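Me: I am new to this structure and would like to know the grounds for some of the labels put on it. Please go through them one at a time.

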Amino acid sequence: MEIKLKNLDCAACAHKIETRLNKIDNVRNISINTLTSVLKIDYDDFDRIKAAIAEVDDNIVVERIASFKSLKDDDDEKVRNEIIRIVLVLILFGCAILFESLRIFDAGSLVLIFLFISAYLVSGWTVLLKAIKNIFRGKIFDENFLMAIATIGAIAINELNEAVAVMLFYNIGEFLQGLSVRRSRNSIKSLLEFKPDSANQLINGEVIKVSPEAITIGSEIIVKPGEKIPLDGTVTEGESYLDTMPLTGESIPKFVKPGSTVLAGTINKSSLLKIKTIKLFSDTSVAKILHLAENAVSKKAEPEKFISKFARYYTPAVVAIATLIAFLPPLLYPFSETYSEWIYRALVILVISCPCALVISIPLGYFGGIGAASRRGILVKGSNYLDALTEVKTIVYDKTGTITKGRFDVTSVKPLNGFSENELLRYASIAESNSNHPIAVAIKDKSGITIQNSDIKNYEEVPGHGVKVESGDKIIVAGNDRILHKESIEHDKCELSETVVHIAMNNKYAGFISVSDEIKPDSADAFKQLKEAGIHEQIILTGDNEKSANLIASNVSADKVYSGLMPEEKVSHLEKIISEKKHSGKIAFVGDGINDAPVLSRADIGIAMGAYGSDAAIEAADVVIMTDSLSKIGEAIDVAKQTRKIVWQNIFFAMGVKAIFIAMGSAGIASMWEAVFADMGVALLAIINSTRLMRK
């Protein structure tokens, strides 16, 4: 179940809600995204969830949601009311200060007291109300309690102006924090901007505007210049350039023509296109991006978990310290300062101790990193994975479709033992007729022969070896060298320096077909850049023969290559690498095919090539590269390191400043004015620092 929590602006409140919901029987998988204000929970009783949330904060409006669109908020009225309230308090407070400074009224006059108390109540009634409600619920150690006790204490020792100032500036700070959080939410909404709102479906020669979700596979759609492509499909008519930046982060337009695959979310720049859809909208890349964006910050990194635990013990500890400072020194040193002076110092400590800077800025920092990566065409499925990227020291690669383009061309046809080229291509096409593997597609394209399914019987695929089929009175075998040995077929061509498909007919070796798979233009540079960035070892796992694999490895300067592997052997090889390097940083695996899904799941970090990779690989991966470009891995690691740097800057900065001001407050050097400015200033500076990555 997905639930929208309106008015939830505080990470600490989110943590309290999670804690309360965890006490309900049979509740599982609770996750609150404070930036989208969305609760995800495996539980069906909505009314009970609503009641539990009301116990924590009855100002939160709870609504069930059915789609990502529900993330859109209308906060204008709330912002306007906050501004009116702050302006009213400033007028009341300003008049009181002015009257007092000009001595129009005496310091203790009823007029001044009325103005100060009115300003205090207008600015602080929500804080006081929340503090009182929480006390009755047995939850006292939060920011509302701290502000309430500090300001009431200031009023008790006749520091009315400081009580109002603390509450006023606390409210201004909370308001500015709310604006920062809303701005961060808007960066999520900006992802929604490339979601197509409608599609032009061609039905019986007539163009009808419909929702992309309503279009089925195999439908024909028209995309005019300037429109977003609504669904993944194949161009059937027209040529044009596509702006792929919203989806992949690439600035160079992509040329498409009949037969080209196009992805939903890209923008048609120049000419009208007719497209045949190949996926439902829910299965398109753009839909997956929206789903990932919604869920990304729900998987928390270690610093976030640390701060959540830290805040639970930090506030009660500070309250205990403030209580000791208020009452212990006057008892031990009765002639040093008065009780009111020590109480004042304790109140200063309470003001500065609010942990808002930490609990808000750290999730914002990770969201900034995830947002920055998505703008580069890199989808990170959680802040924990973003954090883990900083510790990657070994990268293991699949070859086909990852280092190479995965689009094969037949380079030579070598018939042997009396067979002709045409016979060899025909037998190979029959054997590969039911396969969509890139090598099979290349062979079928080269032969140009149309094979009828009725011509084939007893089709048998041997994983990691090849295929064996019957066609008429012929038994055809096609695959690598292993299948020839398995079928005991005599041949003299075992080790070749290229990728080949061996063909045999009726147990007689017919020859081989050589195919080539071009290395991606940026693969060699990507290996070099990653090495310079601190990656200790880069390893290739492939099913290719040894000579072909070594050639690819030397071209990209890989450290090691393991060749001739069947799909299940890739997992065991990765297990071996992990055991060898368990104390040498994390290990990432990069792949794109359905066979790579188990290896992607087993690695510390699974990275999938997303533009043309299999759905299984994308689902299993922790990071998805939408451009299929290896150089994006270096960018992802760079963004991760920048994010971690900013997060720890915020932690050390906030803790350092608070420690200094707690010491100054204890010594009587800092006043409440300085304390509230320091507290709000630290929070705002930490938030601004967190949003740096989002602005890049």
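Reply: Asp44 is found in the loop between β3 (38-42) and α2 (46-56). The model is a predicted one.

Me: Why is Asp44 called exposed?

Reply: The relative accessibility of Asp44 is 73%. Exposed means over 50%, so Asp44 counts as exposed.

Me: What makes the patch around Asp44 one of negative charge?

Reply: Asp42, Asp44, Asp45 and Asp47 gather there on the surface. Asp counts as negative, so the patch is called negative.

Me: How do you know that β16 and β21 pair?

Reply: Two strands pair if there are at least two bridges between them. Strand β16 (residues 404-415) and strand β21 (residues 508-519) have 8 bridges, in the antiparallel sense, so they count as paired. In one of these bridges, the partner of Asp409 is Ser516 in β21.

Me: What makes β20 and β21 a pair of strands?

Reply: The bridges are again set against the requirement of at least two. Strand β20 (residues 499-505) is joined to β21 by 7 bridges, so the two strands pair. They run antiparallel, and Val500 stands opposite Ser514 in β21. β20 and β21 form a hairpin with 2 residues between them.

Me: What is noted about phi at Asn506 and Asn507?

Reply: Asn506 lies in the loop between β20 and β21, and its phi is near 50 degrees, a positive value in a residue other than glycine. Asn507 is placed in the loop between β20 and β21 as well. Asn507 is not a glycine either, yet has a positive phi of about 70 degrees.

Me: Why is Asn506 called partly exposed?

Reply: Its relative accessible area is 40%. Buried would need under 20% and exposed over 50%; the value for Asn506 falls in between, so the residue is partly exposed.

Me: How do you know that Lys570 and Asp398 form a salt bridge?

Reply: The rule asks for a side-chain nitrogen of Lys or Arg within 4 Å of a carboxyl oxygen of Asp or Glu. For Lys570 and Asp398 the N to O distance is 2.8 Å, so the pair meets the rule. The pair links distant parts of the chain, with Lys570 in helix α18 (residues 567-580) and Asp398 in strand β15 (residues 392-398), 172 residues apart. Both Lys570 and Asp398 are buried.

Me: What makes Glu518 and Lys405 a salt bridge?

Reply: The N to O distance between their side chains is 3.4 Å, and the limit is 4 Å, so the pair counts. Glu518 lies in strand β21 and Lys405 in strand β16, so the pair ties together parts that are 113 residues apart in sequence. Lys405 has a relative accessible area of 28%, so it is partly exposed.

Me: Why are Glu635 and Lys632 said to be about one helical turn apart?

Reply: Because they are 3 residues apart in helix α21 (residues 631-667). Glu635 and Lys632 also form a salt bridge, with the closest N and O atoms 3.6 Å apart. Arg376, Lys632 and Glu635 are linked in a network of salt bridges.

Me: Why is Lys632 called buried and Glu635 partly exposed?

Reply: Lys632 is at 5% relative accessibility, and buried means under 20%, so Lys632 counts as buried. Glu635 has a relative accessible area of 27%, which is between the limits of 20% and 50%, so Glu635 is partly exposed.

Definitions and conventions. Residues are numbered from 1 along each chain as its sequence is written. This is a predicted model: local features need pLDDT of at least 70, side-chain atom pairs count only at pLDDT 80 or more; totals for chains, interfaces and linings use all residues. Side-chain values use heavy atoms; hydrogens and water are left out. Helices (H or I, at least four residues) and strands (E, at least two) are DSSP runs, numbered from the N terminus. Patches are made of residues with over 30% relative accessible area and no salt bridge: like charges are joined within 9 Å, nonpolar side chains (Val, Leu, Ile, Met, Phe, Trp, Tyr) within 5 Å. Accessible areas come from the Shrake-Rupley method with a 1.4 Å probe; for residues, only the protein chains shown count as cover. The place of a charge is taken as NZ of Lys, CZ of Arg, CG of Asp or CD of Glu. Buried means under 20% relative accessible area, exposed over 50%, partly exposed in between (1.4 Å probe, protein chains only).
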